[in-house]
Amino acid sequence: MTIEQLGSIGELVGAIAVIGSLLYVGLQMRQNSKIVRSATATAATEISNNVYTPVISDPVMAEIAIRGLRDPSALDHVEMVRFTGHWQNSFIVLQNWFYQWKEGNLDGDIWAGWSQVFCDLYTTPGIKQFWERRKGYFALPFVVYCESTLFEGEPTAGYIPLSIQSNQD
């Protein structure tokens, strides 16, 4: 066997090794993407629990949320601070999910569900007022998305805002 033939065999073996390495890297990236999406979905669930917990576990905060969604002018100064703080936190979370969704890290179905919640909430006077007063604190692409897509969507059929539900609903 000549040196040229050995060189050709070496090039072939090298090419096969490169192809094998690329396939392996591709498989690892695919698995990593699944892990990232799963972790993002889990984190989104945990964060949503943190957002809802104050309203669920604190009757005073629940009352503030109900009254504030219905008529934010009915809240006193301290209640308005709590109401605004709660929704500021909620929209910061939504903005994070928006960017995770855009990057492909949050499943589209999960994003669709949460964005529908906020579309529905935007039907209330309290969220409309909150948004007009606070939207400047959010990233412009998120604001544009909310105003051109999210808030222009159809509220869920039969949606009754928490602020007008009664014990009979």
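**Figure 1. Surroundings of Met61 in the predicted model.** Leaving aside neighbours within four places in sequence, Met61 is in contact with Pro54, Val55, Arg82, Phe83 and His86. The model shown here and in the other views is predicted. Met61 belongs to helix α2. Its relative accessible area is 4%, under the 20% limit, so Met61 is buried. Glu79 lies 18 residues from Met61 in sequence, and the two C-alpha atoms are 8.4 Å apart in space.

**Figure 2. Packing of helix α2 on helix α3.** Helix α2 covers residues 59–70 and helix α3 covers residues 77–102. The two helices pack at an angle of about 85°, and their axes are 10 Å apart. Angles from 65 to 115 degrees count as roughly perpendicular, and α2 and α3 are therefore roughly perpendicular to each other. On the α2 side, the contact is made by Val60, Met61, Ile64, Ala65, Arg67, Gly68 and Leu69. On the α3 side, the contact residues are Glu79, Arg82, Phe83, His86 and Trp87. By class, the residues of this contact divide into seven nonpolar, two polar and three charged.

**Figure 3. Helix α3 and its two ends.** Helix α3 has 26 residues. From its first C-alpha to its last, α3 reaches 37 Å, close to the 38 Å expected at 1.5 Å a residue. At the start of the helix, a side-chain oxygen of Asp76 comes to within 3.1 Å of the backbone nitrogen of Val78. Just after α3, Gly104 takes a positive phi of about 85°.

**Figure 4. Thr84 within helix α3.** Thr84 is a residue of helix α3. Its relative accessibility is 17%, and Thr84 therefore counts as buried. Not counting residues up to four places away in sequence, Thr84 touches Phe130 and Arg134.

**Figure 5. Packing of helix α3 on helix α6.** Helix α6 covers residues 140–150. Helices α3 and α6 pack at an angle of about 90°, with their axes 10 Å apart. This angle makes α3 roughly perpendicular to α6. From α3, the contact involves Phe91, Leu94, Gln95, Phe98, Tyr99 and Trp101. From α6, Pro141, Phe142, Tyr145 and Leu150 take part. The contact of α3 with α6 has nine nonpolar residues, one polar residue and no charged residues.

Figure 6. Pro141 is located in helix α6. With a relative accessibility of 41%, Pro141 counts as partly exposed. Residues up to four places away in sequence not counted, Pro141 touches Phe98 and Tyr99. The C-alpha atoms of Pro141 and Tyr99 are separated by 9.4 Å, while the two residues are 42 residues apart along the chain.

**Figure 7. Helix α4 and its N-terminal cap.** Helix α4 covers residues 108–121 and has 14 residues. The distance from its first C-alpha to its last is 20 Å, close to the 20 Å expected at 1.5 Å a residue. Asp107 caps the N-terminal end of α4. A side-chain oxygen of Asp107 lies 2.9 Å from the backbone nitrogen of Asp109. The buried residues of α4 are Trp111, Trp114, Ser115, Phe118, Cys119, Asp120 and Leu121.

**Figure 8. Glu152 after helix α6.** Glu152 lies in the segment after α6. Its relative accessible area is 58%, over the 50% limit, so Glu152 is exposed. Apart from neighbours within four places in sequence, Glu152 is in contact with Cys146 and Glu147. Tyr122 is 30 residues from Glu152 along the chain, and their C-alpha atoms are separated by 9.4 Å.

**Figure 9. The whole protein, for orientation.** The protein has six helices and zero strands. Read along the sequence, the pattern is α-α-α-α-α-α. Of its 169 residues, 30% count as buried. Among contacts with a separation of 6 or more, 67% are accounted for by residues 24 or more positions apart.

Definitions and conventions: Residues are numbered from 1 along each chain as its sequence is written. This is a predicted model: local features need pLDDT of at least 70, side-chain atom pairs count only at pLDDT 80 or more; totals for chains, interfaces and linings use all residues. Side-chain values use heavy atoms; hydrogens and water are left out. Axes are lines fitted to C-alpha atoms, for helices over the stretch in contact, and angles run from 0 to 180 degrees between N-to-C directions. Helices (H or I, at least four residues) and strands (E, at least two) are DSSP runs, numbered from the N terminus. Angles under 35 degrees count as roughly parallel, over 145 as roughly antiparallel, 65 to 115 as roughly perpendicular and the rest as oblique. Contact means heavy atoms within 4.5 Å. Ala, Val, Leu, Ile, Met, Phe, Trp, Tyr, Cys and Pro count as nonpolar, Asp, Glu, Lys and Arg as charged, and the others, Gly among them, as polar. The expected span of a helix is 1.5 Å times one less than its number of residues. A polar contact is a pair of N or O atoms within 3.5 Å; within protein, one must be able to donate a hydrogen and the other to accept it, and residues adjacent in sequence count only if both atoms are side-chain atoms. Buried means under 20% relative accessible area, exposed over 50%, partly exposed in between (1.4 Å probe, protein chains only).
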